[in-house]
Amino acid sequence: MKSQPAVTLPLPPAWPWYSEETADRVRRRVLAGDVFAFGRDPAVHRLEQWAREYFGVSHALAVSSGTAALWTAFHSLGLGPGDEVLVPTYTFHATATPLFLLGASPVLYDCDPLTARADVRDLESRITASTKAIGVTHMFGLPADMEAVSRIARARGIPVVEDAAQAHGATVGGRKTGTLGTVGCLSLGGQKMISGGMGGLLITDDSDVYQRALTMGHAHERALEELPPDSRWRAPAETGFGGNLRMHPLSAELALEHCASLDERIRVRTSVLEGLSDRLSRFPFLVPPQTPAGCTRGGWYGYKVVYRPELLSGMPVPEFVDLLKRQALRVARPSTRPLHQTWPFQNRDLGLPGYDPHGSRPVYIDADLPQATELYSHTIGFPDKHLHVPADDLLDQYAEGIARVADYALYRRERKD
Ligand SMILES: Cc1ncc(COP(=O)(O)O)c(C=O)c1O
């Protein structure tokens, strides 16, 4: 292969970024010592107001992270020891691990082998009499088949927790993810489309879920300000149950800027990433992210491609990735493994002294979740966190780098034949 790598252009700056106005606002608050609130801080208040309007829901609660949103959601559904909660294996760990804090048992289900979407049939097959809730993740921004999930949940009278951490603004049938289950959870941290550095949101139309949520992370001032006198959650709200999960006001200030520009940025990002997909679809051995009709990916958190070695002379995944890197493509194997390949899901004894889920908690081997195992082993991530602005020339160079690796694979096979 040529010695000069195909990619010579730099990647655009990585998301997130902020305006001078936001930086000034944060600076003013820092200099005034206006950096905490036990009740509802004005920036937090504006953020929650935005969320209620944007998602069209009755209640929005800002929390300290997406993980905190999920913990709060599970708490507010009253889940605990003896309760099984179905969660996807192909997700980020926080979709499931807060259940350990509550003594409940996460039970994993498989995903579609190409899109990482929930495999609804597999999900249904894992329901038992102890199943008390279903968790779904809109992975990489792709909405799960919520019609099917909701049908299953309704038939059993159990709630659905949507993990929309990666799917800000994603839609299915024109409806926004996070609003399609009983309670929706978003992360507003790190490199999410709306980022306060750290932060999260819980959204719901269920007043009881919302009121109970206040007792987990927003005890005392905030909860007592809001809970009606006759709420059954008022007395416990005085002390709460050990979580301090309030969003930092400065995080809310940062996030607010991204809220205002969300839809426009989704539009730009979608066109940039679809441009990447157009280029990749020239190569039969790569399957770019597939977005079924009727769905949009919103923030597209993560851009993952499935590599099919059998269509590239059997070149193994590590070698393919290595050759792409030599062409200066910023590609990598995904850093988060499916949950069944991680320690808490392979070992019964978690070493958590208070954790007694009552009864047997399932542990897993790869064969239990074969589609996720297969998908993960062939997934390659592209540098989507840098792809928030048009980058046609760079993406052309990415295509050129891939073409060179393909030519090399062909050349090597011909020499062997
Ligand atoms: C699917 C999913 N769920 C939950 C989380 C947790 O969010 P946070 O990092 O804000 O706690 C993330 C974070 O990346 C995520 O991707």
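Biologist: Which residue forms a salt bridge with Glu253?

Modeller: The model is predicted. In this model the closest N and O atoms of the pair are 2.9 Å apart. Glu253 lies in helix 10 (residues 249–280), and its partner lies in helix 1 (residues 20–31), 224 residues apart. Both residues are buried, and the partner of Glu253 is Arg29.

Biologist: Which residues are joined with Arg29 and Glu253 into one network?

Modeller: The network is made by salt bridges that share partners. Besides Arg29 and Glu253, its members are Arg25, Asp34, Asp41 and Arg46.

Biologist: Is Arg267, the partner of Glu264 in a salt bridge, buried or exposed?

Modeller: Glu264 and Arg267 are three residues apart in helix 10, so about one helical turn separates them. Their side chains meet with an N to O distance of 2.8 Å. Glu264 has a relative accessible area of 44% and is therefore partly exposed. For Arg267 the relative accessible area is 52%, which is over the 50% cut-off, so Arg267 is exposed.

Biologist: How many salt bridges does a search of the whole structure find?

Modeller: One of the pairs is Asp122 with Arg126, at 2.8 Å from N to O. Both of these residues are buried. For the whole structure, the search finds 21.

Conventions: Residues numbered from 1 in each chain as written. Predicted model: local features only at pLDDT ≥ 70, side-chain atom pairs only at ≥ 80, totals over all residues. Heavy atoms only, no water. Salt bridge = Lys/Arg side-chain N within 4 Å of Asp/Glu carboxyl O. Helix = DSSP H or I, 4+ residues; strand = E, 2+ residues; numbered from the N terminus. Buried < 20%, exposed > 50% of the residue type's maximum accessible area, 1.4 Å probe, protein only.
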